[in-house]
Amino acid sequence: MNFLAHIYLSGDNDLIKIGNFMADGIRGHDYEQFPIDVQKGILLHRAIDTFTDAHPIFRQSKHRLHEPYGHYSGVIMDIFYDHFLAKNWAVYSDEKLEDYAERFYNSLRDNYEWLNSKTQSMMPSMIGRNWLSSYATVEGIGMILFQMDHRTKNRVSMQNAVNELQQYYTEFETEFTDFFEELRAHVQQKLAVL
């Protein structure tokens, strides 16, 4: 799961959303320096990643990308799954995706002091290019993958994965839908004990 899914799965608490969103940049026990709800978000993010990486449906999706993209196949698949969440947003939320994204961007601004430096430096690009809403289109996914290539010094040309997205679109979408229902149930259990 990429940014949009992690934020969505956090529920309505802004600090849990922020912790879940920035968790990749927090190592080990460093999360303990944050407010308790941010800590919960970081721990929730880790639980989501563990569940996702081990799940047979996600692994099946990722397998289609393994040969051309190797280690990055999981990263690409996270972005693809965010695409299907954004594309089918009305199934999962009564709020328009654009409004949801804007609310989250405002939350980042309002809680800037709790953001780690990686998140603070990423914010202008994320908000300026409206990453969360851009996931809804194949063109938006292409832009995100192009930016990922730039950050990884074009190691595997991730932007080319748009071809696989289009080739296996129906299969990926079906797998996402089935997987996401299981993930949502898992997250509800996790949130209850955090």
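This is a predicted model: local features need pLDDT of at least 70, side-chain atom pairs count only at pLDDT 80 or more; totals for chains, interfaces and linings use all residues.
Colleague: What makes the reach of α12 close to the expected one?
Modeller: The expected span of a helix is 1.5 Å times one less than its number of residues, and for α12, with 25 residues, this comes to 36 Å, while the reach from its first C-alpha to its last is also 36 Å. Side-chain values use heavy atoms, with hydrogens and water left out.

Colleague: Which residues of α4 are buried, and what do they pack against?
Modeller: Helix α4 (residues 56-69) has 14 residues and spans 19 Å between its end C-alpha atoms, close to the expected 20 Å. Its buried residues are Ile57, Phe58, Ser61, Leu65 and Tyr69, where buried means under 20% relative accessible area, exposed over 50% and partly exposed in between, with a 1.4 Å probe and protein chains only. These residues pack against α3 (36-54), α5 (73-87), α11 (162-167) and α12.

Colleague: Where is the kink in α4 centred?
Modeller: The kink is centred on His63 and amounts to about 40°, the bend at a residue being the angle between axes fitted to the seven residues ending there and the seven starting there.

Colleague: Why is Tyr72 called buried?
Modeller: Tyr72, which lies in the loop between α4 and α5, has a relative accessibility of 14% and therefore counts as buried. Leaving aside neighbours within four places in sequence, Tyr72 is in contact (heavy atoms within 4.5 Å) with Thr152, Arg155, Val156 and Met158.

Colleague: What makes Phe3 and Trp131 a stacked pair?
Modeller: A search of the whole structure finds 19 aromatic pairs. In one of them, Phe3 and Trp131 have their ring centres 6.1 Å apart and 5° between their planes; rings of Phe, Tyr and Trp (its six-membered ring) pair if their centres lie within 6.5 Å, and planes under 30 degrees apart count as stacked, over 60 as edge-to-face and the rest as tilted, so this pair is stacked. It links distant parts of the chain, with Phe3 in helix α1 (residues 3-8) and Trp131 in helix α9 (residues 131-134), 128 residues apart. Phe3 counts as buried at 15% relative accessibility, and Trp131 is buried with a relative accessible area of 4%.

Colleague: Why is the pair of Tyr92 and Phe176 given another label, and what is it?
Modeller: The ring centres of Tyr92 and Phe176 are 6.3 Å apart and their planes stand at 80°, so the pair is edge-to-face. This pair also joins distant parts of the chain, since Tyr92 is in helix α6 (residues 89-92) and Phe176 in helix α12 (residues 169-193), 84 residues apart. Both Tyr92 and Phe176 are buried, and they belong to a cluster linked by ring pairs that includes Tyr8, Phe51 and Phe180.

Colleague: How do you know that Arg64 lies over the face of Tyr168?
Modeller: Arg64 is at 5.4 Å from the ring centre of Tyr168 and lies over its face; the criterion asks that NZ of Lys or CZ of Arg be within 6 Å of the ring centre and within 35 degrees of the ring normal.

Colleague: Which residues touch the most other members of the largest nonpolar core?
Modeller: Of its 64 residues, Phe80, Leu132 and Phe180 do, and the largest share, 8 residues, comes from α5. Such a core is a set of buried Ala, Val, Leu, Ile, Met, Phe, Trp, Tyr and Cys residues joined through side-chain atoms within 4.5 Å. Phe180, which is among the buried residues of α12, touches Met1, Ala5, Tyr8, Leu9, Leu85 and Tyr92, not counting residues up to four places away in sequence.

Colleague: Why does Asp149 count as buried?
Modeller: Asp149, in helix α10, has a relative accessibility of 3%, and so it counts as buried.

Conventions: Residues are numbered from 1 along each chain as its sequence is written. Helices (H or I, at least four residues) and strands (E, at least two) are DSSP runs, numbered from the N terminus.
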